Amino acid sequence: MMKEEEFTFFEAYLSEELSEEERLSFENRLKKEDELSEAFNNYKELYGFLEHKFTTEKATEAFTKNLNEISEGYFANKKKTKVIKFRPWQYAAAASVVLFLGITMFNNFGMNPVYSDFAVHEALSLTERGNLNQLYLNAEQAFNSNDYKQAEQLFSEILVANPNLVEVELYKAISLIEINQFTSADKILLDISNQNSAYKFTAKWYLALSKLKQKKYDDCELLLKEIPGDTDVYELAQELLSAL
Amino acid sequence: MNDKKTHCDQLYIVGLLNNDSIIVKEIYEKFAPKVIHYISRNSGNEHDANDIIQEVLITIYHQAQKNNFKLTCPFDAYFFLLCKRMWFNVLKKTSKKEVTINEEILSINDDASLLAFETIEFDERQQLFEEMFQKLGKACKDLLKASFTIKSLQEVADKLGVSYGYVRKKKSLCVGKLTKLVQGSPVFKKIKN
């Protein structure tokens, strides 16, 4: 075991307080005495450790504090984005899960599905086809921003000049459902669904949704059953059917 | 090591050293997910990953501060190896089950493993030193703190109301005591080269 005075000697050597003669003699001993040399090296390392520990204490504290905050922020944010950040291919799956849950809930509680669960309108874009008429623009904007009352009026204005625009008629009917003017809405939708146009079955689907909103479930079900398997709205129709 | 080229990821080391929030955040964004994933799949959870990441970053910070640390490999590899190793240490402590130590860390065959190995060794020594320091009596702890914080021993002596000679002697004896504690520790015998 090292004697106490050896440590005093180590200290004096490290603080360069030894005379030239003492220094050389000490270095000479280090070469010859293994135990001394080992103890000195350990002493030196611990001296360095302590020096580092105390001179960087404040900086280390600041670093640790900052690190802690960043880490907390990162993990809290991660939890949030976990919910929000859906990948596109997950939308379909998520939608069906929601729907499934919805359906299960309806079955469990004996409740009927509601219109708003199924009424997801595609954004209208009348002007995409090169029609830069201001009236069309306004109508489109009103519909896409859910201002259905305004949209219905603008669609009517368009139809005065162009009574054969089936698409505009369809959207006028959707707007009417939204503002609960079912009689007018149903009349238009029935007309479209009895004609042969691209909107035939979409109109039937919306007619069913109108009945749903009016809580006429039997009518709704009958209409849904008339939607054939090769149409865009078939899957939605089937989902609503199983929820009824 | 000095002849090897410093990797451009040294910027992360410098960022840590400067306590640069932007860089620290970037480290989290870029490198934390892999660690979280790994720990979650190896008997841990996100909370454990959070602790390990912080511990590893503090270790890197200390090592960089002290040894003029030079990163010679991608930060990702170095950081991930450290997190893995620290996590194994936690598992070893908390469970009686035999934990397989990853072979990557044991075979020193590339820069990342070598650097990670050095850092772990550094960390083990620092932890032991700190543990032994805490075992010293209050008088020694206070004197060492004062004499390493206030550079002039005369000032320390004035502050403590003792003579310069006493402070100088006491300082060397306290560091000596710490040296003995460390040398006598079984952990030290295991980790010393």
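Predicted model: local features only at pLDDT ≥ 70, side-chain atom pairs only at ≥ 80, totals over all residues.
Among the elements of chain A, helix H5 (residues 88-109) of chain A has the lowest mean pLDDT, 52, whereas H3(A) has the highest, 92. Chain A as a whole averages a pLDDT of 82, and 83% of the residues score at least 70. Two stretches of chain A call for caution. Over residues 82-90 the pLDDT stays under 50, and the model has two contacts there beyond four places in sequence. Over residues 104-109 the pLDDT also stays under 50, with five such contacts.

Let me turn to the contact between the chains. Chain A brings 27 residues to the contact and chain B brings 32 residues. On the side of chain A that touches chain B, helix H1 (4-14), helix H3 (34-55) and helix H4 (57-84) of chain A each supply at least two residues. H3(A) gives the most, with eleven residues. By type, that side of chain A divides into 16 nonpolar, eight polar and three charged residues.

I come now to the cores. The largest nonpolar core has 37 residues, of which A:Ala139, A:Ala173, A:Leu189, A:Tyr206 and A:Ala208 touch the most other members. Among the elements that give two or more residues to this core are helix H7 (134-144), helix H10 (182-194) and helix H13 (234-243) of chain A. The largest share, eight residues, comes from H11(A). Leaving aside residues up to four places away in sequence, A:Leu189 touches A:Ala173, A:Ala203, A:Tyr206, A:Leu207 and A:Ser210. A second, separate core of 35 residues includes A:Phe63, B:Ala64, B:Trp87 and B:Ala112.

Conventions. Residues numbered from 1 in each chain as written. Chains lettered and ligands numbered in written order. Contact = placed C-beta atoms within 7 Å. Helix = DSSP H or I, 4+ residues; strand = E, 2+ residues; numbered from the N terminus. Nonpolar A, V, L, I, M, F, W, Y, C, P; charged D, E, K, R; others polar. Core = buried A, V, L, I, M, F, W, Y, C linked by C-beta atoms within 7 Å. Buried ≥ 20, exposed ≤ 12 C-beta atoms within 10 Å, placed from the backbone. pLDDT = per-residue confidence, 0-100.
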